[in-house]
Amino acid sequence: MSTPQRDSVNDEEEFADILEDLRRSWDLGHALRTFKPSVPDTGPPPCSAAELTAAVRTSQHLRYITKEVAVETGSSVEAVEQQVEVILSEMSQNLQMSSVRLLGYGLNKAMKRLFTRVNVNMDGLQRLQRTAQGYPVVLMPNHRSYMDFLIISFLSFTYDLPIPVIAAGTPLSKMKLMGEIFRRCGAFYIRRGIGSDKLYWAVLSEYVKTIVRRAYAPLEFYVEGLRSRTLKALPPKLGMMHMVLEPFFKGEVYDITLVPISISYDRVVEESLLAHELLGVPKPKETTRGLLKASSVLWENYGSMHVNIGQALSVREMCEGKIDRSHYNRMPRDLPQRPGEDMQACVSLLAHRVVRDQEQGAVLSPWSLMATVLLQSPVPSLVQEGLPWGALAQRTLWLRGHALAFGARLNWPGGTRESDEVMSSNMSLHHSVVRRRGGRVFLLEEEGFAGRRPTSAEEGVAWRAVAVLMMASHRNQALHVFARPAMLAVAMHVTASRQRRELQAFFVFLLDVFSIEIVFTPGQSTQDFEEACSLLGKAGAIQCCQEEISVTDAGHQTVTFLKTLLQPFMDSYQVVFSHLCEAGVHTFSEKQFVTSVRKLATSLILAGELQTYEALSSDTQRNALASLLRLEAVTKLRTAEQTEYSVNKSSVQRIADMLCGKIPLQSVQTAPDSRL
C-alpha cells in the first residue's frame, strides 16, 4: 500500500489514514490480495488448528486434571474425557484464510461507510512487524466497541502480519453463520461465569498456554475482561493474564512480548445502546438477525477511529528481580501449582501497566473536552437554557491547554487557528446529544417512539439520563488525564488543609474509595500523589514545598474545575452510602441493590436534592458496591440460590462522613500506601 495521509495528533509518532488507499482500491481486490505474513526465524515449527487442539487434549497437565475430576465426581475417566471433548469443540478456533478474506471484505466496506478516517500510528505498526519475528506475542487492545474485535485482524491482513487468535465470549459463537465465520477468523470462545469449574479452567488454561508455548499465532485478549460501557478503563482481570504468563514463569519460553494497543473513537457505534444498558434496559442478545437489523447504523457518521500500537513490553525485563522462578522446579511442571505471592504481584503489576499504557496511548477528540466542559453545568440548565457557544469554545480551549500540559494526545486538526470550525464539526457529529441554536448549545432529551412523551416524571428522568450518560462516556475518555490532579484538588477542598501529609492521606483515602471507578496501580499511591503535585505545579495552579501545598492566585479556576470533574462520582457514591445506611437495608442481592439505588437517585433528582444523573448508572452503583466490599464495609454471602450482601452500616457511614469531610482528618490513616 502507498503511504496514507498523515494525521494531526500532537505526538512524536505520526498517524496515517488507512482508508485513504482503501477508498481508491477495489474492495474485492483487497480481499484477494496476496498475503505474505512474516514468519519467525526461530521457535517451534508451525502447526494447524487441529494439531494445536490435539496437543491440548494429550497434555500431561490435562490428563492429570481429568483423573482428579473423575475421582472427585465419581465419574469414569472416559466420561470426563468426553466432557473435555465437548469443551474443546465449543472453544477451539479454526483459523482459515478464506474466512479472513470474506470478513475482511465486509469489514472494509463497513469501515468506509462508518468512519471518515481510520488512523494508525505507522511507527507502531512497523514495531509490531519486527516484534512478530521474535518471542510469543500477546496483543492487548482496550475494549470500547464491537468494532475492536476484528480491527487488529484487519490491520494484520492489510499489512502482512500474522493473523491473531482472539479470546471471545461464547455468546458470539451462538450467532448463526457469523459465529462460525468468527471462529474461522481466529476467535476461540470462552464461557462467562466459569466460577469453580475445575475442568473448564484446566482446558482453557492449557489451550492458552499451548498457544503461547508453541507461538502458534499472536494471542489477542482484552485485559479488562469486558467491553467498557462507560468508555473509561476497567480494572484488569488477572485470570487470563496468569495463563498467558505461566509458560514464562515455568521457563517453557524465554520471553513473552506484551503489546498494549489503544483504540479510540470519536463516536462509538453502540453509544445509545450502552447508555440504555446502564439504565437497566436488558442488553440485546448477540444474534445474526440482530446484526442485520442494526445495519441502519451504516447511514450514520461516526467520525474517526484511532489505533495506537504502543511500545512492546518484555515480560522478562519487567519481571527482572521481582520473582523467584525456582518455585516451579520443586515438582513436575505438568502438575498444577499455585503461583507464589511474588508472581501474583508481578501479574497484577504487568496487567495494570498495560492498562496505563492503553490510557496514555488513547487519542482524545475535541468532543471529549467539550463534553467535559458541558457536564460542569447543571443538567436542567443545559436542557432549558443551554450554554453560550462562546463560553463553551473559550472553556474548551482553556481545557485543551491543560490537557496538553498533562500529557494528553489530542486529535485537533489545524491547531487553535481553526478551533471554531473543529468544535462545530465535532458537535454536529453528536447531533443526537446536543444541538446549537441561537448561539447556545442545548442538551437534547431522548425522544420517545413516534414522538411519545414520558408517561411519568420518573420516565422523564430516565429519558434525560440517556443523553447525560452518552455525553459522560466521552468525558470518561479523558478522565485518566485529569484523575490524579483532580483527586488532589478534591483533597484540598474537603480538608481545607495546606499540610502536605494531611493532603496525601486524604488523597490515598480517595484512591481507596474510587479504586474500582478509576484504575490505579496498587501500591503506587505515593507516585500518584507526586504526579498530581507535579502536574498542578507545572500548570501554575499550586505551589509545593516540603511541608505545605497551597493554591496560587491563578490556580483557583483550575482547582475548582478539577474538583467539579469528580463531583458526579462523589455524589453518586454518597447516594449508594445513603441507601445502605437506611434502616430497612440489611441483606440484599445485587439486583435488589441496583433497583433500590436507582429508585432513590430518581426521587432525589425529582426533589431537586441531586444534580447528578450519573447516579442512575448501574455500573457506577456496582463500582461503589465493589469498593465497599474491598474496604470490608460490605460482606458477600453465598446462598444456594444467589449471591447476597450484608452491610456494616457504621463502616459505610464512616466512609461517607470521611468523604464529605464530616469526620476530622485525624481519623484517616496517614501512612503512605496504607489501606483505609
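Reader: Why is phenylalanine 182 called buried?

Author: Buried means under 20% relative accessible area, exposed means over 50%, and partly exposed lies in between (1.4 Å probe, protein chains only). Phenylalanine 182 has a relative accessible area of 9%, so it is buried. This is a predicted model, where local features need pLDDT of at least 70, side-chain atom pairs count only at pLDDT 80 or more, and totals for chains, interfaces and linings use all residues. Residues are numbered from 1 along each chain as its sequence is written, and side-chain values use heavy atoms, with hydrogens and water left out.

Reader: What makes phenylalanine 149 and phenylalanine 182 an edge-to-face pair?

Author: Rings of Phe, Tyr and Trp (its six-membered ring) pair if their centres lie within 6.5 Å; planes under 30 degrees apart are stacked, over 60 edge-to-face, and the rest tilted. Here the centres are 5.3 Å apart and the planes make 80°. That makes the pair edge-to-face. It links distant parts of the chain: phenylalanine 149 is in helix α8 (residues 148-158) and phenylalanine 182 in helix α10 (residues 178-184), 33 residues apart. Helices (H or I, at least four residues) and strands (E, at least two) are DSSP runs, numbered from the N terminus. Phenylalanine 149 has 8% relative accessibility, so it counts as buried.

Reader: How many aromatic pairs does the structure hold?

Author: The structure holds 14 aromatic pairs. One of them joins phenylalanine 115 and tyrosine 265, with centres 6.2 Å apart and planes at 35°, so this pair is tilted. Phenylalanine 115 lies in the loop between α6 (97-114) and β3 (117-121), and tyrosine 265 in strand β8 (residues 257-265), 150 residues apart. Both phenylalanine 115 and tyrosine 265 are buried.

Reader: How do you know that the charged end of arginine 325 sits over the ring of phenylalanine 248?

Author: A charge sits over a ring if NZ of Lys or CZ of Arg is within 6 Å of the ring centre and within 35 degrees of the ring normal. The charged end of arginine 325 is 4.3 Å from the centre of the phenylalanine 248 ring and sits over it. Likewise, the charged end of arginine 437 sits over the ring of phenylalanine 442, 4.4 Å from its centre.

Reader: What makes β14 and β15 a pair of strands?

Author: Two strands pair if DSSP finds at least two bridges between them. Four bridges join β14 (residues 434-437) to β15 (residues 440-443), and these strands run antiparallel.

Reader: Why is glutamate 180 called partly exposed?

Author: Its relative accessible area is 33%, so glutamate 180 is partly exposed. Its side chain meets that of arginine 183 in a salt bridge (3.5 Å, N to O). A salt bridge is a side-chain nitrogen of Lys or Arg within 4 Å of a carboxyl oxygen of Asp or Glu. Both residues lie in helix α10, three residues apart, about one turn of the helix. Arginine 183 counts as buried, because its relative accessibility is 12%.

Reader: What makes glutamate 590 and arginine 622 a link between parts of the chain?

Author: Glutamate 590 lies in helix α27 (residues 590-606) and arginine 622 in helix α28 (residues 618-630), so the pair ties together parts that are 32 residues apart in sequence. Their side chains meet in a salt bridge at 2.7 Å, N to O. Glutamate 590 has 31% relative accessibility, so it counts as partly exposed. Arginine 622 is partly exposed too, with a relative accessible area of 31%.

Reader: How many salt bridges does a search of the whole structure find?

Author: The search finds 32 salt bridges. Some form a network, which links Arg227, Arg229, Glu270, Glu277 and Asp619.
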